[in-house]
Amino acid sequence: MAKTIITVVGQDTVGIIAKVCNYLADNQINIMDITQTVMQGYFNMMMIVDTSACTKSHGDLSSELATLGDSIGVQIKAQKEEIFDMMHRI
């Protein structure tokens with residue numbers, strides 16, 4: 001399994017989750033865990049996804065998600081689980 005951590009942050013608007021999830025489904029990416037919250041108008045979502053069935057490279061996936069984020073007014077970042085774990089180790 002190839003796990004990736006996706007974070008989405010920005011002003012809350014209608015359809016953020018739908019657009020991100022549609023992109024993931026279109027690219028055969030399975031959502032394993034998801035959490036989201038809205039605090040004082042700011043949307044924050046974190047997803048753990050399985051990219052093992054996705055045919056795109058991690059670089060392409062990350063770039064396309066960033067572009068999608070720009071189009072809907074949020075910041076989307078995708079990090080491989082190993083990198084995310086190393087960055088957040090105590």
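Q: With which side chain does the side chain of Asp-50 make a polar contact?
A: With that of Ser-52, at 2.8 Å. Bear in mind that this is a predicted model. The Asp-50 side chain also reaches backbone: the nitrogen of Ala-2 lies 3.5 Å from it.

Q: Where is Asp-50 found?
A: In strand 3, which spans residues 42-50. Leaving aside residues up to four places away in sequence, Asp-50 touches Met-1, Ala-2, Gln-28, Ile-29, Asn-30 and Met-32. One of these, Gln-28, follows helix 1 and has a positive phi, near 60°.

Q: Is Asp-50 buried or exposed, and what is the nearest side chain of opposite charge?
A: Start with the general idea. Side chains of opposite charge can pair when their charged atoms come close. Now the case here. Asp-50 is buried, yet it has no salt bridge. Lys-3 carries the nearest side chain of opposite charge, and it is 8.9 Å away. The cut-off for a salt bridge is 4 Å.

Q: How many salt bridges does the count come to?
A: One. Its partners are Lys-56 and Glu-64, with their closest N and O atoms 2.5 Å apart.

Q: Which residues of helix 1 are buried?
A: Ile-16, Val-20, Tyr-23 and Leu-24, in a helix that runs over residues 16-26.

Q: How do these buried residues fall, seen down the axis of helix 1?
A: They fall within an arc of 100°, so they line one face of the helix. The general idea explains such a pattern. An α-helix has 3.6 residues a turn, so residues three or four places apart point the same way.

Q: What covers the buried residues of helix 1?
A: The cover includes strand 1 (3-11), strand 2 (30-39), strand 3, helix 2 (58-72) and strand 4.

Q: Which strand does Val-74 lie in, and is Val-74 buried or exposed?
A: Val-74 lies in strand 4, residues 74-80. Its relative accessible area is 6%, so Val-74 is buried.

Q: Which residues does Val-74 touch?
A: Set aside residues up to four places away in sequence. Val-74 then touches Val-8, Val-9, Gly-10, Gln-11, Ile-16 and Gly-69. Among them, Ile-16 is a buried residue of helix 1.

Q: How many Å separate the C-alpha atoms of Val-74 and Phe-43?
A: 8.5 Å, although the two residues are 31 residues apart along the chain.

Notes
Residues numbered from 1 in each chain as written. Predicted model: local features only at pLDDT ≥ 70, side-chain atom pairs only at ≥ 80, totals over all residues. Heavy atoms only, no water. Helix = DSSP H or I, 4+ residues; strand = E, 2+ residues; numbered from the N terminus. Buried < 20%, exposed > 50% of the residue type's maximum accessible area, 1.4 Å probe, protein only. Contact = heavy atoms within 4.5 Å. Arc of directions from axis to C-beta. Lys, Arg positive; Asp, Glu negative; His and termini not counted. Polar contact = N/O pair within 3.5 Å; in protein donor to acceptor, adjacent residues only side chain to side chain.
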